[in-house]
Amino acid sequence: MTKRISDESAIKSTGKSWNEWFSILNKAGAKKMDHKDIAEYLSKKQNVHAWWSQMVTVQYEQEIKGRKRHETTSGYQISKSKTLSFSTSKVFSVVQYPALRKSWLKNPNFSITKSTKNKSIRGKWVDGKTNIEFQFYPKDKTKTQLVVQHSKISSLKEAEKLKKYWEKNLNSLENKLSKFEV
């Protein structure tokens, strides 16, 4: 289970403690709802901010419904992010082009299915079963946050392994970026 955000933070941001939210959701029939319906209920009927509606939903699913860490309806999903001291166009290029990718990514030969310049790259991972998405967020002209999301993972063990894999490879990317002329 993911470490729970404190009751104090939940109360400060939502006006209710975790147990109060769990009671409200139980009364609303959330045990039989899917993730989307619970989050929508919180947002529309309880006026919970979008980010907090997701947090309350995940916490409820983990503590009440038995959802495992990183678990989704289509397997497991992990994400890893890194803020890099380089322009978005440079970071995007070293992820997009296989010739540049192979210098920092252990398995560089994934297939790109959709790419939006300096915004996102989606693809099928090298295993042919899981999906990968890179999202690029400019922080200013010289910094970019890169978020990697890996989904449709078959087990929690594999999800944890991939989380470490992406952390290691993003660190490698950070070390190699200064050497690229893009």
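The model is predicted: local features need pLDDT of at least 70, side-chain atom pairs count only at pLDDT 80 or more, and totals for chains, interfaces and linings use all residues. Residues are numbered from 1 along each chain as its sequence is written, and side-chain values use heavy atoms, with hydrogens and water left out.

**Overall layout**

The protein has seven helices and six strands. Helices (H or I, at least four residues) and strands (E, at least two) are DSSP runs, numbered from the N terminus. In that direction the elements run α-α-α-α-β-β-α-α-β-β-β-β-α. Taken along the principal axes, the C-alpha atoms fill a box of roughly 60 × 35 × 25 Å. The chain counts 182 residues, of which 37% are buried. Buried means under 20% relative accessible area, exposed means over 50%, and partly exposed lies in between (1.4 Å probe, protein chains only). The areas themselves come from the Shrake-Rupley method with a 1.4 Å probe; for residues, only the protein chains shown count as cover.

**Strand pairing**

Two strands pair if DSSP finds at least two bridges between them. Strand β6 covers residues 143-153. Strand β2 (residues 75-84) runs antiparallel to β6, with eight bridges joining the two. Within this pair, K82 has L146 of β6 as its bridge partner. Strand β5 (residues 131-140) also pairs with β6 in the antiparallel sense, over nine bridges. Here N131 stands opposite S151, and Q135 stands opposite V147. A hairpin of two residues connects β5 to β6.

β5 pairs with β4 as well, antiparallel and over five bridges. In that pairing R122 stands opposite E133. The β4-β5 hairpin has six residues between its strands. G128 sits in this turn, with a positive phi of about 75°.

**Enclosed elements**

Eight of the eleven residues of β6 are buried, so the strand is largely enclosed by the rest of the structure. Helix α5 (residues 88-96) is also largely enclosed, because seven of its nine residues are buried. These are T88, K90, V91, F92, S93, V94 and V95.

**Salt bridges**

A salt bridge is a side-chain nitrogen of Lys or Arg within 4 Å of a carboxyl oxygen of Asp or Glu. The whole structure holds two of them.

| Salt bridge | N to O distance |
|---|---|
| E174 and K82 | 3.2 Å |
| R122 and E133 | 3.4 Å |

E174 and K82 meet through their side chains. E174 lies in helix α7 and K82 in strand β2, so this pair ties together parts that are 92 residues apart in sequence. E174 counts as partly exposed, at 32% relative accessibility.

The other salt bridge is formed by R122 and E133. R122 belongs to strand β4 (residues 120-124) and E133 to strand β5, and the pair links parts of the chain eleven residues apart. R122 is partly exposed, at 39% relative accessibility. E133 counts as buried, at 13%.

**Surface charge**

K106, K157, K161 and K168 gather in a patch of positive charge on the surface. Patches are made of residues with over 30% relative accessible area and no salt bridge; like charges are joined within 9 Å, and nonpolar side chains (Val, Leu, Ile, Met, Phe, Trp, Tyr) within 5 Å. Lys and Arg count as positive and Asp and Glu as negative, while His and the chain ends are not counted. The place of a charge is taken as NZ of Lys, CZ of Arg, CG of Asp or CD of Glu. K168 sits in helix α7 (residues 156-176). K168 is exposed, with a relative accessible area of 64%.

**Toward the N terminus**

S23 is found in helix α2 (residues 18-27). At 30% relative accessibility, S23 is partly exposed. S23 and K36 are 13 residues apart along the chain, and their C-alpha atoms are separated by 19 Å.
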